Amino acid sequence: MHHSTQEVVSTSKTEIKVSGISGKGTFAKVKINPGEYIFTLWGELVQSDPNVDHLCTQYGVSGDDPLQVGDAQFVICNHESKTINHSCNPNTGLRNTSDLYAIREINPGEEITYDYSTTSGVNDVWTMSCGCGSEACRKIIGNALTIPPIIIAKYANLDVIPDFIRQQLRQAQLVL
Ligand SMILES: [Zn+2]
């Protein structure tokens with residue numbers, strides 16, 4: 001079977017290698033500057049309620065893999081998109097729907113990470129244990145409401161909260 005969305009394994013700025021965090025990860029091939037666009041996470045767009053168990057069964061993916069891009073919309077990510085690990089102290093974040101942007105300087109060879117909680121809607125019951133190793137590690141990560149307020153403010157300033165999450169947080173009066 002030829003699925004082009006499954007076969008993207010590197011981009012002009014990144015490549016996939018074994019990760020120190022978990023399994024395989026995505027690494028910078030070149031120096032990436034703060035605020036620089038890296039690539040857009042994508043794959044197959046599907047409608048689903050926040051319980052993605054049936055999606056995982058249907059598509060044979062892990063529960064951490066479907067990327068939420070709307071209140072009831074998920075992307076079954078292509079290989080490049082699902083290979084980015086979470087960190088509680090990430091060097092990138094997602095803007096607009098799922099555009100990946102650097103939030104600090106990233107050196108060649110450095111693993112690229114974003115905060116998975118920024119893509120988990122406020123009604124999601126999803127959790128994941130975290131061993132990212134950062135000083136600020138939250139250990140158990142959950143939906144966007146579980147991000148500490150000071151970190152949400154930082155992400156808002158850097159414009160790395162996806163639109164649908166920002167809308168949900170606005171409704172909860174947690175960001176402007
Ligand atoms: Zn962590």
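Guide: Four bridges join E8 to strand E9 (residues 99-102), and the two run antiparallel. Strands (E, at least two residues) and helices (H or I, at least four residues) are DSSP runs, numbered from the N terminus. This is a predicted model, in which local features need pLDDT of at least 70, side-chain atom pairs count only at pLDDT 80 or more, and totals for chains, interfaces and linings use all residues. Residues are numbered from 1 along each chain as its sequence is written.

Within this pairing, arginine 95 has aspartate 99 of E9 as its bridge partner. Two strands pair if DSSP finds at least two bridges between them. The open sheet has three strands in the order E3-E9-E8, with antiparallel pairing. Its edge strands, E3 (37-40) and E8 (92-95), each pair on one side only. Neighbouring strands are turned by 30° against each other on average, direction ignored; the axes are lines fitted to C-alpha atoms, and angles run from 0 to 180 degrees between N-to-C directions.

Leucine 100 touches Ile38, Phe39, Thr92 and Leu94, among others; contact requires C-beta atoms, placed from the backbone, within 7 Å. Leu100 is also among the residues with the most contacts inside the largest nonpolar core, which has 30 residues. Such a core is a set of buried Ala, Val, Leu, Ile, Met, Phe, Trp, Tyr and Cys residues joined through C-beta atoms within 7 Å, where buried means 20 or more other C-beta atoms within 10 Å of the residue's own. Elements giving two or more residues to this core include E3 and E9, while E6 gives the most, with four residues.

Methods. Buried ≥ 20, exposed ≤ 12 C-beta atoms within 10 Å, placed from the backbone. Contact = placed C-beta atoms within 7 Å. Lists of a residue's contacts leave out its neighbours within four places in sequence.
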